[in-house]
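Please read it alongside the sequence and the model shown here.

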Amino acid sequence: MDSCQLIVFTLIAFDNIKKNKILNTNNQQPTTHNQKKGILLVNLGSPKSTKVEDVKEYLDEFLMDERVIDYRWFFRALLVKGIILKTRPKKSAAAYKTVWTEEGSPLVVITKQIQQKLQKLVDIPVEIGMRYAEPSIETGIRNLVEKGVEEIVLFPLYPQYAMSTTETVIEKAKEVQAKLFPNVKINYVKPFYNKEIYINCLAESIKEKLPENFDLLQFSYHGVPERHIYKTDPTKTCKIGDCCFKEDHPSHQYCYRHQCLKTTELVKQKLGLEDSQVKSTFQSRLGNDKWIEPYTDETLENLPKNGVKNLAIVCPAFVSDCLETLEEISVEGKEEFLLAGGEKFNYIPCLNDEDRWIEVVKQLCEEELA
């Protein structure tokens with residue numbers, strides 16, 4: 001090789017090295033950047049066991065939340081500690097025993113399964129937190145911070161917005177962040193009740209489990225007191241029963257009832273069902289206050305009288321099966337329907353850890369990561 005060839009070869013080699021450095025730097029940047037980001041999946045929570053004392057501890061934290069029972073502290077404490085916690089824990093413990101698994105609470109177990117499946121699809125840390133009990137939101141954030149995370153996408157696992165679900169999760173996370181992790185940035189996945197990817201996922205899941213012959217597909221959502229709807233509406237324009245079915249209204253982004261009814265409507269359209277084939281109701285009433293209607297239990301008792309003998313029922317306020325679906329609906333609800341004259345009761349499970357749902361979780365998180 002003469003001197004000219006050597007110079008040309010050296011220049012080409014140097015240029016390639018330079019290009020490779022640039023390419024390697026570009027390839028490494030997302031990884032380095034991603035290592036500072038993480039995902040926190042947040043669900044409701046559950047007692048740590050079915051022992052009465054553990055259920056009592058859980059209910060105390062849950063019901064003393066001012067966004068669940070929104071009375072002033074004194075009256076809330078009088079109701080919860082003075083009345084409810086003296087009688088309800090034993091009954092609730094018995095109910096939990098009917099759904100408890102070898103691994104523990106269905107809701108916590110399923111949330112862990114979602115976390116594990118999602119972790120295989122993303123290259124950043126994924127943790128879980130519960131609004132009540134353990135693993136707490138604080139525990140989830142701390143686990144991410146210990147892995148070097150500086151920016152968190154927090155995903156409240158509730159399709160529809162409500163004061164007692166999404167709002168309390170966000171406020172609790174902000175409280176923990178301000179007190180313990182002031183340098184950590186947190187972004188929140190917004191309610192996804194009308195997102196096409198979610199509606200497609202839910203509709204496909206229902207379609208696969210829907211019996212060939214049915215009289216009605218009932219959508220049973222968790223109920224809330226009517227006053228919660230008004231409290232969460234900063235526009236002060238909501239009128240229950242008046243604006244829920246309007247095409248567009250300022251209160252819709254805060255109105256839980258509208259968002260539930262919209263979920264039903266969109267799924268109905270995807271499944272090609274008629275109005276007469278679907279019905280939305282609300283379950284889990286507590287106390288004597290006026291809750292949003294119609295009520296699930298009363299509906300189940302009246303449907304057979306109106307010719308509905310073969311019922312399918314789904315609970316789209318939940319993404320994970322839990323006490324409210326596995327015991328309240330598929331056991332108590334079934335009993336109510338059959339005793340009233342119903343013949344077939346088909347409970348359709350939540351999305352749980354279905355692969356298509358994990359893809360939805362991934363996409364919704366990626367939108368915030370972007």
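**Overview of the predicted model**

The protein chain exposes about 18900 Å², of which carbon and sulfur atoms supply 50%; accessible areas come from the Shrake-Rupley method with a 1.4 Å probe, and for residues only the protein chains shown count as cover. This is a predicted model, in which local features need pLDDT of at least 70 and side-chain atom pairs count only at pLDDT 80 or more, while totals for chains, interfaces and linings use all residues. Residues are numbered from 1 along each chain as its sequence is written, and side-chain values use heavy atoms, with hydrogens and water left out.

**Overall dimensions and composition**

- The C-alpha atoms of the protein chain fill a box of roughly 100 × 50 × 45 Å, taken along the principal axes.
- The protein chain contains 13 helices and eight strands; helices (H or I, at least four residues) and strands (E, at least two) are DSSP runs, numbered from the N terminus.
- Of its 370 residues, 52% count as buried; buried means under 20% relative accessible area, exposed over 50%, and partly exposed in between (1.4 Å probe, protein chains only).
- Among the contacts in the protein chain with a separation of 6 or more, 74% come from residues 24 or more positions apart; contact means heavy atoms within 4.5 Å.

**The four-stranded sheet**

- An open sheet is formed by four strands in the order β2-β1-β3-β4, with parallel pairing; two strands pair if DSSP finds at least two bridges between them.
- β2 (126-132) and β4 (185-188) stand at the edges with a single partner strand each, so one side of each is left without a neighbour in the sheet.
- From one strand to the next, the twist averages 30°; axes are lines fitted to C-alpha atoms, for helices over the stretch in contact, and angles run from 0 to 180 degrees between N-to-C directions.
- Strand β1 (residues 37-45) runs parallel to β2 and is joined to β2 by six bridges.
- β1 also pairs with β3 in the parallel sense, over six bridges.
- Leucine 40 has glutamate 127 as its bridge partner in β2 and leucine 154 as its bridge partner in β3.
- Valine 42 stands opposite glycine 129 in β2 and opposite proline 156 in β3.
- β3 and β4 run parallel and are joined by four bridges; the partner of valine 153 in β4 is asparagine 187.

**Burial of the strands and helices on the sheet**

- β1 is mostly covered, with nine of its nine residues buried.
- β3 is mostly covered as well, with six of its six residues buried.
- Glu151, Val153 and Phe155 point one way from β3, whereas Ile152, Leu154 and Pro156 point the other way, and all are buried.
- Helix α6 (residues 163-180) lies across β1, β2, β3 (151-156) and β4, and runs at about 175° to β4.

**Packing of α7 and α13**

- Helix α7 (residues 196-209) packs with helix α13 (residues 355-369) at an angle of about 175°, and their axes are 10 Å apart.
- The two helices, α7 and α13, are therefore roughly antiparallel to each other; angles under 35 degrees count as roughly parallel, over 145 as roughly antiparallel, 65 to 115 as roughly perpendicular and the rest as oblique.
- α7 contributes Ile197, Tyr198, Cys201, Glu204, Ser205, Glu208 and Lys209 to the contact, and α13 contributes Arg356, Trp357, Val360, Gln363 and Leu364.
- The residues of this contact between α7 and α13 divide into six nonpolar, two polar and four charged; Ala, Val, Leu, Ile, Met, Phe, Trp, Tyr, Cys and Pro count as nonpolar, Asp, Glu, Lys and Arg as charged, and the others, Gly among them, as polar.

**Glutamate 61**

- Glutamate 61 lies in helix α2 (residues 52-63) and is partly exposed, with a relative accessible area of 36%.
- Leaving aside neighbours within four places in sequence, glutamate 61 is in contact with Arg131, Tyr132 and Ala133.
- Glutamate 61 and alanine 133 are 72 residues apart in sequence and 7.7 Å apart in space, C-alpha to C-alpha.

**Backbone details in loops**

- The peptide bond from glutamate 134 to proline 135 is cis, with omega near -5°; proline 135 is placed in the loop between β2 and α5 (137-145).
- Serine 284 has a positive phi of about 65° although it is not a glycine, and at 16% relative accessibility serine 284 counts as buried.
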